[in-house]
Amino acid sequence: MTYRIAIDTGGTFTDLVLADEQGGLALGKALTTYERIFAGVEGALKMAAERTGAGVGEVLSRTDLVIYGTTHATNAIIERSTARTAFLVTEGFPDILVLREGGKLDPFNLSYPPIEPYVPRRLTFEIRERIDAEGNVVLPLDERQARETLRRLAERRVEAIAVCLLWSPANPVHEEALGRMIEAELPGVPYTLSSRLNPIIREYRRASSAAIDASLKPLMQRHLNDFEQDLRRAGFNGQLLVATSFGGVMHAGDVVQRPIYLVKSGPAMAPVAGRTYAEAEVGPRDLIVCDAGGTSFDVSLVHDRTITFTRETWLGSIFTGHITGMASVDVRSIGAGGGSIAWIDSGGLLRVGPQSARAEPGPACYGIGGTEPTVTDAALVLGYLDPGYFLGGRMRLDADAAAAAVAKIAGQLKIEVKDAARAIMEVAGDHMVGAIKDITINQGIDPRESLLVAGGGAAGLNIVPIARELGCRQVLVPRTAGALSACGGQYSNIVTEFTQSRFAYTGDFPYDAVNRVLAEIAASMERFEAELRERGLTRFAREFFVEARYPYQVWELDVALPRGRFDGQADLDAMIEAFHREHERVFAVKESGQQIECVYWRGRLTATLDGPPLRRAAAARAGAPVAHSRQAIFFAGHRELETPRFHGEDLSPGTAIDGPAIIDEPTTTIVVYPQSRARVTELHNYLLEIAQS
Amino acid sequence: MSASPRTNGGELDPALLAVIANRLDSVCREMTNTLLRSGRSAVLNMARDFSCSLVTGDNQLLASAEGLPVHVFGSQFLSEAMCNLHPDFAEGDAFLHNDVYLGNTHSADHTILVPVFVEGQHLFTCCAKAHQADCGNGLPTTYAPFAGDVYEEGALNFPCVQIQRNFRDIDDIIRMCRRRIRVPEQWYGDYLAMLGAARIGERRLKELTAKFGPPLIHRFIREWFDYSERRMTHALKQLPSAELTGTGAHDPFPAVPDGVPLKVKVKIDGEEGRVEIDLRDNIDCLPCGLNESKTCAINNVVSGIFNSIDPGVPHNAGSFRRITVHLRENCVVGIPRFPTSCSVATTNIGDRLVNITQAAFAQLGDGYGLAEGGLGMGPGYGVISGGDFRRAGAPYVNQLFIAANGGPGTPHNDGWINYGLPVVAGLMYRDSIEIDEQKYPIIYKMTRLLTDSGGAGRFRGAPGARVVYGPRRDPMTVVYPLDGHINPPRGVLGGHPGQPCYAAKLDREGSERELPPVSAEKILPGEFIVGVDTGGGGYGRPLDRDPAMVRADVLEGFVSLEKARQVYGVIFNGRIEDESLSVDAEATAKWRAALRGQSGA
């Protein structure tokens, strides 16, 4: 027996999925151990390996692939424990990271402290040079001034360097020269050139990409080396792959060259799992993938079998956080989850969140110090959660404490405790509906035509009313919902992208120049493919994309190109037509007959890793499912209904359960509301069908 | 999230009230997103100088998520004009409105109004208002401070004119705009974006109403306004009762050689939770473009109020019930009579009204109000025009958004960098240097925040920038109406003013010559125009600032060592260059005591 292990280290828990070659999956969960990540992984592996009867060392020695998803990079940025990074920029423009692109939320709230730039001004250095919009050198690089600046950096104990010069995507000659000078003057200090990492126009985004990337280099190199050594010491001698923000994986050695790919990589794996399960269950459909945990609710999308991407990924809040600037899986995250706290504002309105009780002090029902009413407490009051079977019975919930906390809200609203609990669930659910609407609107996807995939420990509590509100008729809750991102690791491929910036107006299309750019991208893919072949990979796919817009617009849309070359008007027309279609899909209008402006060209290379097979069980012709208990449960519009409760492991494929009912899985709970039905599929997932009113 | 109306003790279900309110905000956000991403001119898609709002069938402002305050407070006057002028308006209609005498802000803000019908009843009006890149003015600028009246201003006027019938354009109106507005393709693209936003709002409101049913929606509106009023009352009850008078002045320029003195009287009733603003004691309308429109006079003082209270209060007709604004006809900050020009109503005097109002609240004592925010529409906000040699001389006209006026110090924190102007308070985006250089034949030399430019205070005003740019191969015209050179943003409660702004020109040899504060300047290739922006005013005495914050400011280059010593009274050891700088606490305490003695404070 050989194994494959996928790991997702989150802020609180480390999730692990152990797959055997028949497709058997075992989940493990343990607290994340920050000082030595392997300790938590070992704990989770121990739990997952229980059923194999083998020890951790034995399982690891028979594992050929470890897929590692980590929040280490994201956390380091939020906690400001990244390298002391210097920022080199064109003379006259030292404040690119300070001024950014403006914008602010809350029109009348001026009590936001001013934003701190990713690299402080004291570590920002101006370089005398200038290139114009067409790539012409206006002022040649002053090498003497640059060298003097680099020597000052040595005195300033700088650990990494980010370089972003104006118009370097149009002509990288000055950035490249600076790169060579850094290697000569400051050997061993890692650096990032913006034109190599992310050659997009818009100096703030490119600078932010470079600064984040450079600042992560020393740290992530160390982190991945340590982790790999720990694995090796414990007996592992297979390959280590790392999850990236492309929703794919890369070899650890490649990713340390561009550690920005690690930022927000964990949530990017959830749609990979969602797509795998959904295609196996219902075939290709547009998907909305939700991952609801204790503190955050993440949403991502799959359209036309492709996970949707964005260039608007922020670390922290939009405007006040830091933008990565990279094309990466579009994941919207809001602070809503089981730990969200309910409160009453000065006008008497019920609010839920954004404050969260987090793991500590936790919801009141955890009994570890929390007293504020949370969504988890409301779910317990309503009877959705079984106090004796939380986390498969490993944690006991205190129903009285939950009721006491929710009673505070009920008292202020002058309603009954259960009504207050229902209202809390509804307001929390509405925030989630809002998050889903925001991303579907942005990406032009109609929820009514989509399948909702719900993962995370808290998703099953109210996914049915959320789906009903969105007009989704079906929801898939994977049995492994509690570890959706780690599951994504099991089914991911090696994905890498290459971008070049080349402006092209279709009214006067520069065929040769564009074909040259596409050929360069293809050559980069070729080189990378050759390296992967040496590592034993055999199946590859190449895709090409253009980011384009109508004249005068400044925000581009992603359009897939049929192939990586333009041989004539027909190829061009196909691209323009695809753009019109995409514009209409996203913005509800198109301007037929209008020419378009092409800005960036991207190539994506995918190397297929064969994931574990999906194990189907024939539908058993079992009798009616047997509930292990029944209780009166409160549902909106129905008051109390007699509701059976099932353990997921007792249900066989083919079983259908009509709501109201509750299904408990060790890492998640599914509430089957009235007017909905759950079916256990051949893959032992749950497909919920929701009657639309 | 149930389709059935649910009540509790005669009131709407508490969850439902929150849910529908969130939905309305999300409709506004969807409209906003559509306009931002499909708009053509940089004013829209880069700077986000536009706003979307929803008004009820009886013309009350209902929702305006993330709209610019100066745009949305007043949407109700626009829909009112639609109801009055077109009593037979119907589904499928759309109206173009930019008339300042009928409730619009200024002529350059085109508003598209779409009435939303459910079961034959007019339930809502969707408004999408956007500042145009050009509106057909005599000069290539959307701000005409010199214009003696609307005839000199020259903008095309649309007093709520029908532009769509049965969901189709009325081509006469489109042709008029295409004929008279510079770069008509750009205008038409922006029109489509605005119309698309309003139509998306219409679609979503119909879905929402279909879901909950019109009776429940009516009920929601009533209760939501009541709730908002309760929040507002509660917020105002946190203030002591007082009668305050704020004064200030717009800088002089040739049309108003003595400047424009301004007075805002604020009467707070903390027991009842009400506030009254009186603007009647101000001079008459001026023969230039600086006059406030009625809408701007109201919304800018209301912004000053909202800036000074709990920011969580919803901003709609419900909270407005607690505010009274007294205006007078033919007053520079009142109700203009035709043909008075209000070409620059949204910014210059508008900015002053916001500042004067919020600073007046600081008279209540420490912990209240704000300092004055950075202002001034210098060259960094200039409207540039000319021909682009890279596109066979094709004409271009657009406003740049590259200035950086500093935000005001507040009772709790330093000013917001990238504040822009008081009327937008940081909401607008700023241009990308590279996108500007790609779209227009210009080159930037500098955008740099200046040391010691933010007003000193316990909480410092944000710094202002120096912006330098010029044309590449052909001459370029830059039009700007700058305020804040003579009267920079003031501090409050002992805080210092921010740096004054100015405009200048660098000649081919690089020597700088100051330009007039309001001008249409022709800049030749090899020359550069310079805009130095204001810093925000400081809040509280600089000697009370935490020395650790002064140290950080010195290391970051926002405050010089000399100012740290002379104004903030902080004495350091160590050096800036190697970051060994440290506060000498004992020497600082002594030196501060001495400085306090000198100032008698």
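This is a predicted model: local features need pLDDT of at least 70, side-chain atom pairs count only at pLDDT 80 or more; totals for chains, interfaces and linings use all residues.

Residues are numbered from 1 along each chain as its sequence is written, and chains are lettered from A and ligands numbered from 1 in the order in which they are written.

Start with α13 (residues 399-413) and α14 (residues 417-443) of chain A, whose axes sit 8 Å apart at an angle of about 95 degrees. Helices here are DSSP runs of H or I, at least four residues, and strands are runs of E, at least two, numbered from the N terminus. Axes are lines fitted to C-alpha atoms, for helices over the stretch in contact, and angles run from 0 to 180 degrees between N-to-C directions.

Next, bring in chain B: 61 residues of chain A are in contact with 73 residues of chain B (contact means C-beta atoms, placed from the backbone, within 7 Å). On chain A's side, α14(A) gives the largest share, 9 residues.

Now for the backbone. Select Gly659(A) and Pro660(A), joined by a cis peptide bond with omega about 5 degrees; Pro660(A) is in the loop between β31 (656-658) and β32 (661-665) of chain A. Over in chain B, Phe338(B) and Pro339(B) are joined by a cis bond too, with omega about 5 degrees.

Finish at Asp304(A), a non-glycine with a positive phi of about 55 degrees, in the loop between β14 (297-303) and β15 (306-307) of chain A.

Methods:
Two residues are in contact if their C-beta atoms, placed from the backbone, lie within 7 Å.
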